[in-house]
Amino acid sequence: MLTPADEPHLAAVVADAAARKAPLAIAGSGTRSGLGRPMQTATTVSTLLLTGVTLYEPAELVLSARAGTPLREIETLLAGNRQRLAFEPMDHRGIYGSSGTPTIGAVAAANLSGPRRIQAGAARDNLIGLRAITGDGKVIKAGGRVTKNVAGYDLVKFLAGSLGTLAVLSEVTFKVQPEPETEATLAITGLADKQAIAAMAAALGSPYSVTGAAHAPADEGEPGRTYFRLDGFEASVAHRVDSLRAALSDFGPADLLGPATSASLWLTILDVDGLSAPLGTPIWRVSVRPGDGPQVVAAAQAAFPARVLYDWGGGLVWIAGGEGSDAGAAVIRAAVGAVGGHATLVRAADAVRNAVEVFEPLAPPLMDLTRKLKATFDPAGILNPGRMYAGV
Amino acid sequence: MSAVAMPPPDLTILARRSEIIVGLREILGGLHVIESEDERRAYETDALTAYRVIPLAVVLPGSTEEVASVLKYLAGAGVKVVARGAGTSLSGGALPSQDCVVVGLARLNRILAIDYENRVARVEAGVTNINITNAVSGCGFFYAPDPSSQLACTIAGNIAMNSGGAHCLKYGVTTNNVLGVRMVLIDGTVIDLGGAHLDAPGLDLLGLVVGSEGQFGIVTEATVRILRAAEGARPMLMGFDSPADAGACVAAIIASGIIPVAIEYMDRPAIKVCEAFAKAGYPLDVEALLIVEVEGSEAEIVDLIARIRRTAEAFHPRVMRVSRSEAESAAIWKGRKAAFGAMGRIADYLCMDGVIPTGRLPEVLTRVGEICAGHGLAVANIFHAGDGNLHPLILFNANDEDELRKAETAGAEILKLCVEVGGCLTGEHGVGIEKRDLMPFQFSPAELALQMQIKNVFDPAWLLNPAKVFPLEGRPVVA
């Protein structure tokens with residue numbers, strides 16, 4: 001594994017690989033290397049030594065750090081100023097059984113967004129600037145340190161979530177947010193999936209600024225639990241707890257979880273802890289209109305045993321299950337195709353991820369654009385080749 | 001002649017005008033192909049009125065299919081295309097050329113579906129920004145990005161420019177609120193990017209398309225997020241003796257853990273003009289005025305305003321006044337949103353759109369004043385203070401070519417200053433023609449080359465809005 005010490009060295013490594021047409025696997029600490037199609041790369045280049053916060057202006061709500069900076073270090077620094085990354089990046093170590101130190105670069109490269117995505121936007125919405133090495137070894141910057149920036153094309157958005165297939169991120173700049181004074185969660189027990197979706201739609205359609213809406217369906221004798229998070233100033237949260245409880249009374253009584261219980265609950269939802277074991281079971285991540293989630297789940301469960309977690313008010317559905325050599329891809333893709341949305345096979349054995357598409361297959365004109373754009377950023381095709389799609 | 005040069009028209013296209021119009025009529029019928037010079041003149045400019053060019057023809061397609069047929073035909077004929085929403089661009093984004101066909105989206109103005117359960121609306125791209133909010137406000141919802149031109153501007157134009165607005169501090173700009181688009185590529189291919197779900201598969205093509213200034217294709221439909229409005233909202237006015245105090249107060253409010261829905265700033269010249277227009281009760285004897293809006297329940301509003309008051313005390317506000325009624329709140333916002341129009345009643349102006357790190361606010365405002373004074377021009381500052389998006393209005397007399405040139409020079413100097421202090425050329429208006437030649441101040445040659453290669457992918461012959469965004473020199477295709 002190559003671990004260049006700084007951006008110029010990283011650029012030299014990429015330029016050299018491009019000249020030799022030698023494919024590179026791009027990594028931080030590799031805790032999410034199970035995400036995507038397996039690659040045939042002889043060399044891995046890691047940003048682990050590119051560390052350090054390069055800019056932090058709490059009053060401007062902006063932070064820049066080199067790509068290999070541990071996420072924990074950034075979260076600690078922000079917490080010291082009662083700030084945070086509002087979009088809640090997921091930690092994949094639980095579902096992959098991987099070890100290592102998750103980096104801020106991966107948060108951008110994989111566009112990792114947790115439960116608060118419904119209110120605070122995704123990682124891509126909070127990423128405002130970056131520096132990166134394109135596949136020909138050139139250093140580019142995109143965006144900057146100010147939130148609003150429409151000069152030129154939005155390469156920040158385009159590189160967010162591109163999984164190292166277009167460029168190697170060397171530095172990222174995020175918008176940060178104040179940490180709320182407190183938080184609370186209301187929990188309703190015993191709702192079937194469709195009722196839970198309706199309850200979450202009512203909550204998210206209320207004026208009470210719900211920052212998390214998730215549903216864990218009934219499982220192994222445990223009744224379903226539907227969760228609604230509120231955060232902000234003490235008095236405001238108290239008021240909204242009462243208002244939301246009243247607004248949801250038709251769905252049943254709601255238990256109140258205090259700040260500590262609420263915080264640890266949402267970490268388990270963020271990291272999909274409840275579905276992580278056993279490691280051999282495939283995990284699907286499905287993005288649909290919230291109202292369509294139960295239909296996809298019903299189709300999956302009719303075909304194979306599947307355990308489920310709904311986040312984003314039902315718009316993000318985690319499905320642990322999937323049998324056979326395709327891990328249930330035919331069933332899930334057909335169900336998602338019927339309602340509109342997409343499915344990603346987040347966890348499966350290498351052989352399975354070699355045999356079926358990991359990411360939702362694209363319509364031919366989108367695949368055509370994708371290939372041409374890949375060639376624009378990475379003419380030699382050396383950056384994480386094949387990780388998202390064959391030839392990309 | 002104005003400072004921004006436009007490429008000479010392609011004479012072979014001008015010579016084929018009759019034939020091209022016949023071709024367009026075969027697709028759209030006669031009614032929606034605008035041919036006479038008088039009618040074409042209505043499309044000669046946008047809100048950057050110093051530049052005017054009458055296009056070859058204007059077409060008003062009524063469906064995605066018609067847009068596709070038109071683009072396929074024009075691409076085949078090698079004719080340039082300028083897409084137009086409502087023509088409110090302040091950067092010349094919709095400025096035609098003599099050898100182009102303007103594709104106007106005015107007839108694509110239907111709201112197709114409103115889905116409260118999933119909190120999305122699907123609209124045709126020519127719908128006005130305000131009409132989305134109007135369509136859902138009865139149920140307490142709204143579409144968040146709110147450009148000052150929201151009564152007139154279209155979602156198509158908002159998507160092209162990634163438009164913002166006063167309330168973006170809390171709710172984000174267009175790209176954060178659009179989930180999907182239907183778009184016609186230059187060869188007539190219709191693609192769907194994203195949808196009604198919160199993220200799209202594969203590379204973020206939607207993120208790339210939003211803000212691409214009509215250079216990748218023509219968006220004909222969009223799926224946007226609609227949000228439930230807070231229980232209530234209330235603005236307060238704070239007047240200061242110096243821009244430094246106002247700027248420091250903004251930083252302190254944000255550092256205290258409060259993100260107001262909006263923090264707007266006006267300087268003395270702007271206050272005077274806006275007050276004369278809107279009778280909003282703005283204080284006239286202060287150097288800097290902040291409009292700070294908070295939202296929530298009555299109790300939350302009272303609590304937030306008390307916190308902001310406590311924070312602001314340290315910066316010696318001359319005036320701190322909270323709106324006492326819906327009517328007063330409306331007047332406060334009317335003054336702000338009508339600022340550009342009100343200013344236009346007293347003078348011609350160029351509206352700049354630079355962004356700076358908010359910590360540099362006082363020093364940048366001083367330099368902006370000096371730059372304009374150096375050219376013998378007056379300036380009024382109106383801007384989104386919470387995110388550092390400046391809108392200096394450089395006042396000049398449009399009948400005086402020399403003054404226009406001076407105003408453009410001053411504007412360029414201001415935008416270069418924004419880049420120098422760590423900001424950018426444009427926060428929400430787009431590059432258009434106005435800032436086209438300033439792009440090398442923000443981007444390296446490699447960065448511009450990469451962006452132009454992306455343009456090549458979508459539009460190899462550079463037919464879509466071609467004279468915009470990038471300097472004319474150094475292009476892969478001769479402009």
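In this predicted model, strand 6 (residues 127–134) and strand 8 (residues 167–175) of chain A pair in the antiparallel sense over seven bridges. At one of these positions, A:Thr134 has A:Ala167 of strand 8 as its bridge partner.

Both strands belong to an open sheet of chain A, in which five strands follow the order 3-4-8-6-7 with antiparallel pairing. Strand 3 (53–57) and strand 7 (139–143) of chain A stand at the edges; each has a single partner strand, so one side of each is left without a neighbour in the sheet. Direction ignored, neighbouring strands of this sheet are turned by 15° against each other on average.

Chain B contains 18 helices and 18 strands. For its 479 residues, a compact globule would have a radius of gyration near 23 Å, and the value of 23 Å for chain B agrees with this. Further values for chain B are tabulated below.

| Property of chain B | Value |
|---|---|
| Box filled by the C-alpha atoms, along the principal axes | roughly 70 × 55 × 45 Å |
| Buried residues, of 479 residues | 57% |
| Contacts between residues 24 or more positions apart, of those with a separation of 6 or more | 72% |

The two chains meet where 71 residues of chain B are in contact with 62 residues of chain A. Several helices of chain B each supply at least two residues to the side that touches chain A, among them helix 10 (243–255), helix 12 (298–313) and helix 18 (445–458). Helix 18 of chain B gives the most, with seven residues. By residue class, this side of chain B divides into 31 nonpolar, 29 polar and eleven charged residues.

Note on methods
Residues numbered from 1 in each chain as written. Chains lettered and ligands numbered in written order. Predicted model: local features only at pLDDT ≥ 70, side-chain atom pairs only at ≥ 80, totals over all residues. Pairing = 2+ DSSP bridges. Helix = DSSP H or I, 4+ residues; strand = E, 2+ residues; numbered from the N terminus. Axes fitted to C-alpha atoms, helices over the stretch in contact; angles between N-to-C directions. Contact = placed C-beta atoms within 7 Å. Nonpolar A, V, L, I, M, F, W, Y, C, P; charged D, E, K, R; others polar. Rg over C-alpha atoms; globule rule 2.2 N^0.38 Å. Buried ≥ 20, exposed ≤ 12 C-beta atoms within 10 Å, placed from the backbone.
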